[in-house]
Amino acid sequence: MAKLYFYYSAMNAGKSTTLLQASYNYQERGMETLLLSPQVDTRYKVGTVFSRIGLEAASHSFAKNDNLFEFVVETLKKTKNLQCVLVDEAQFLTKAQVFQLSDIVDRLNIPVLTYGLRSDFCGEPFEGSLYLLILADKMGEIKTICHCGSKATMNMRIDSEHRKVTQGEQLEIGGNERYIAVCRKHFKLGETAKLEFSPPSS
């Protein structure tokens, strides 16, 4: 029986890489996959799932008002071999779209794998993540580490001076220059660390 999966993490844990690997595993066995990514994520090329290690694949970019269940139904009219739907940056889903994904699982019997952040820079849940936490059949954490070596669970927004930002809109697209993954302790303290490398002493 198909299931709805939610794989969550802090920033820079390799979510997109894991998604692309999962899609490749299906395709290697002759099964078609459908990749979905939000239009709002403009860090790279819209309509592409891109990982920081250089892997990428074409995706269907969706807007907030798009009905993902209806889109998959239309896709099935063109192919009968669709075996999995994968969603990148799933935190940007709306509540309605999370329910639509659950309909893909429940009514079409197609597994849906979603990958996203659990919380924003203020420690508040994203709408998509909140309802995935409620509706997903299975959840898993993709782990990364804080600068102190502990597991990173929080996303800290930083300014140009590497200081913690505590106010602003929830949606602000950015990469390493704008966000870092930290543990709960350093999120509360607002402490960041720049990696400094020095040549070994002779």
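A: K77 and E74 join their side chains in a salt bridge, with N to O at 2.9 Å; the term denotes a side-chain nitrogen of Lys or Arg within 4 Å of a carboxyl oxygen of Asp or Glu. K77 is exposed at 58% relative accessibility, whereas E74 is partly exposed, its relative accessible area being 40%. Here buried means under 20% relative accessible area, exposed over 50%, and partly exposed in between, for a 1.4 Å probe and protein chains only.

The model is predicted, so local features need pLDDT of at least 70 and side-chain atom pairs count only at pLDDT 80 or more, while totals for chains, interfaces and linings use all residues. Residues are numbered from 1 along each chain as its sequence is written, and side-chain values use heavy atoms, with hydrogens and water left out.

The structure holds three salt bridges. Another of them links R29 and E28, at 3.8 Å from N to O. R29 is exposed at 57% relative accessibility, and E28 is exposed at 52%.

E141 forms a salt bridge with K151, and their closest N and O atoms are 3.0 Å apart. E141 belongs to strand β8 (residues 138–141) and K151 to the loop between β8 and β9 (154–157), so this pair ties together parts that are ten residues apart in sequence. Helices (H or I, at least four residues) and strands (E, at least two) are DSSP runs, numbered from the N terminus. E141 is partly exposed at 28% relative accessibility, and K151 is partly exposed at 38% relative accessible area.

The cysteines form no such links: a search of the whole structure finds zero disulfides, a disulfide being a pair of cysteine sulfur atoms within 2.5 Å. For C146, the closest cysteine sulfur is that of C148, at 3.7 Å, which is too far for a bond. For C183, the closest cysteine sulfur is that of C146, at 3.8 Å, again too far for a bond. C146 is buried at 3% relative accessibility, and C183 is buried at 6%.

Strand β7 (residues 112–117) has six of its six residues buried, and is therefore largely enclosed by the rest of the structure. Strand β1 (residues 4–9) pairs with β7 in the parallel sense over six bridges, where pairing requires that DSSP find at least two bridges between two strands. Within this pairing, T114 of β7 is the bridge partner of F6. Strand β6 (residues 82–87) also pairs with β7 in the parallel sense, over three bridges, and L113 in β7 stands opposite L86.
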